Amino acid sequence: MQPTYSSSRILLPVRPWFIFLSLIIALLLNFLPTSHWPGVPDWVALVLCFWSVREFRRVGMGWAFVLGLLMDVADGAVLGQHCFAYVLLAYLTASLSRRLLWFPLAQQALQVLPLLMLCQAVQLAMRLLVGGDFPGWSYFVGPIIASLLWFPATFILLLPQYQPVEQDPNRPI
Amino acid sequence: MAGIDHAPPPFFKRGPAPLALLTLYIAISVAIFVVDLRMHSLDLVRQSISLVVDPVQRVAQTPGSLVDYAANYLQGRQVLEAENKALKHAQLNTAPDLQRLAQMEAENERLRKLLTVKEREKAQGQVAQILYTARDPFSRRVIVDKGQQSGIVAGQPAIDEAGVVGQVTRVFPFSAEITLITDKDQAVPVQIVRSGQRSVVFGLGNGQLELRYMPANADVQVGDVLVTSGLDSIYLPGFPVAKVINIERDSAYSFARIFCAPIAGVENFGELMVLSPRAAMPPAPPEAKSRAGDGGSDKGSRIKKRRVAKAN
């Protein structure tokens, strides 16, 4: 697979354990006590979105559902809230994945933003419907930051696949 | 046209169609959302998932607590000395009251026995450490480090050194979730100390509380202290809850809007005391079988009557 369709570089196939590891690290980042700071992105949503664009056959709605369930329990939220949002996100990104990679990174980030925003808005709507408390507009800053993080996320998460097939000890990368 | 009704070869199979999967998962999500919210019958599922998530969450909390620890360690000796002095001073201030408390309690008990009044319940409990605030931005809850292993059950009230903080709402094997009194629509039955009037105070979700259903001409003043009334079977009477900070009386509405601020350090981190559940209340007396006039069947009028009785 190529990083983008305009690139001539061919990537190595992704390793399943790396996908798993990156999702676990995203969960850990979500569990950090930084969640009450304004503008902290939902790391799981970002990484899930990334992998369901890149590897929609491996990371699909099943993963999204399980991660959503874990997030619900960890958050003390109502069960099903994150599940709904993540499953929707995984479906939409998987259906966009064929198109998204034709664009340069900046335009990819621009297209990911409404999806992440929708993911937050769905959760907000679900909780407001059942009498939750409105958390303030800073709730929507997170997705904007997350879509800006699309650049570093792409770089970091594709890094293992950039390695050459034949290792050269004199030229490690 | 032979072969058109053949199934595709197995290496093209990719499972169910995405839209079908989406519908299935969304249906499950909505189902567990409703069941969890309305029937609370998924607690076992939540507890078993929390067994997996809880260790990870504690690992994620360690960097923050290490920084706290380091900050404490590096705190100057002078600061600690000043704090120590202040604490000693505070202890000395409360000493006269505390020393006489035992004698007063004994006296109170004796007098209550003389009057054949039921004895006062004693407050007992266990100290718990707040681990972190729950991440859910739609509610106000904290997680403490005592759970089923320490015998915590849902419903127990939690207090700090100043007043009521909240109530245990969910219990996990090694932790428990406390909903703060400032959480939206979290209710605490209270009594105004000055006038003795009873009411219920509700959380607003923005850090304040509201005393609802008080008539516009009710005897409430800014600065009034609200304490638990003990009329439920959860909170013992007499714990400070909130202080009235603002009253809006508008003659267009039948109720005054009374805003209060919590007395306890509700948003602070630290230790709190989870009080033991209260002794079982005596069973409510049976309702009178027949009432003059309405025959006791009209629910609406009965509620109206009860409200009138409350207002008086």
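How many helices and strands does the secondary structure of chain B come to? Select chain B and color it by secondary structure: there are four helices and twelve strands. Keep in mind that this is a predicted model. It scores ipTM 0.86 and pTM 0.79.

**Confidence in chain B**

Color chain B by pLDDT. The mean is 82, and 88% of the residues reach 70 or more. Now select residues 292-301 of chain B, where pLDDT stays under 50. For this stretch the model has five contacts beyond four places in sequence. Where pLDDT is low, the predicted coordinates should not be read in detail.

Of its 312 residues, 26% count as buried. Among its contacts with a separation of 6 or more, 56% are between residues 24 or more positions apart.

**Where the chains touch**

Show both chains and select the residues in contact across them. On the chain B side there are 34 residues, and they are in contact with 34 residues of chain A. H1, H2 and strand E1 (125-133) of chain B each supply at least two residues of the chain B side. H1(B) gives the largest share, eleven residues.

Next select helix H2 of chain B, residues 43-74. This helix bends by about 40° at Leu51(B), and Pro55(B) follows within four residues. Show the side chains of Ser50(B), Val53(B), Asp54(B) and Gln57(B), which are buried. What do the buried residues of H2(B) pack against? Their partners are H1 and H3 of chain A.

**The largest nonpolar core**

Select Ala45(A), Leu48(A), Cys49(A), Tyr86(A), Val87(A) and Leu89(A). These are the residues with the most contacts inside the largest nonpolar core, which has 50 residues. In chain A they are H1 (16-31), H2 (43-54), H3 (61-75), H4 (81-100), H5 (105-129) and H7 (150-158). Helix H1 (18-39) of chain B also belongs to that set.

Center on Leu89(A). Leaving aside neighbours within four places in sequence, Leu89(A) is in contact with Ala45(A), Leu48(A) and Cys49(A), as well as with Ala64(A), Leu115(A) and Cys119(A). A second, separate core has 43 residues, including Val164(B), Ala176(B), Ala242(B) and Val244(B).

**The barrel that includes E1(B)**

Stay in chain B and select strands E1, E2, E5, E4, E3 and E12. In that order they run as a closed barrel of six strands with antiparallel pairing. Neighbouring strands of this sheet are turned by 45° against each other on average, direction ignored.

Start at E1(B), the strand that also supplies residues to the side touching chain A. On one side, E1(B) is joined by three bridges to strand E2 (residues 141-144) of chain B, and the two run antiparallel. Find Ile130(B) here, standing opposite Val144(B) in E2(B). E1(B) also pairs with E12(B), in the antiparallel sense, over five bridges. For this pairing, pick Gln129(B), whose bridge partner in E12(B) is Glu271(B).

Follow E12(B), residues 271-275, to strand E3 (residues 157-159) of chain B. Two bridges join these antiparallel strands. Ala158(B) stands opposite Val274(B) in E12(B).

**The barrel that includes E9(B)**

Now select strands E6, E7, E8, E11, E10 and E9 of chain B. Run in that order, they make a closed barrel of six strands, again with antiparallel pairing. Here neighbouring strands are turned by 40° against each other on average, direction ignored.

Which strand of chain B do three bridges join to strand E6 (residues 187-192)? It is E9 (residues 225-228), which runs antiparallel to E6. Two residue pairs mark the place: Val190(B) has Thr228(B) in E9(B) as its bridge partner, and Ile192(B) stands opposite Leu226(B).

Select Val225(B) and look across to Lys243(B) in E10(B), which stands opposite.

Conventions. Residues numbered from 1 in each chain as written. Chains lettered and ligands numbered in written order. Predicted model: local features only at pLDDT ≥ 70, side-chain atom pairs only at ≥ 80, totals over all residues. pLDDT = per-residue confidence, 0-100. Contact = placed C-beta atoms within 7 Å. Core = buried A, V, L, I, M, F, W, Y, C linked by C-beta atoms within 7 Å. Buried ≥ 20, exposed ≤ 12 C-beta atoms within 10 Å, placed from the backbone. Pairing = 2+ DSSP bridges. Axes fitted to C-alpha atoms, helices over the stretch in contact; angles between N-to-C directions. Bend = angle between axes of the 7 residues up to and from the residue.
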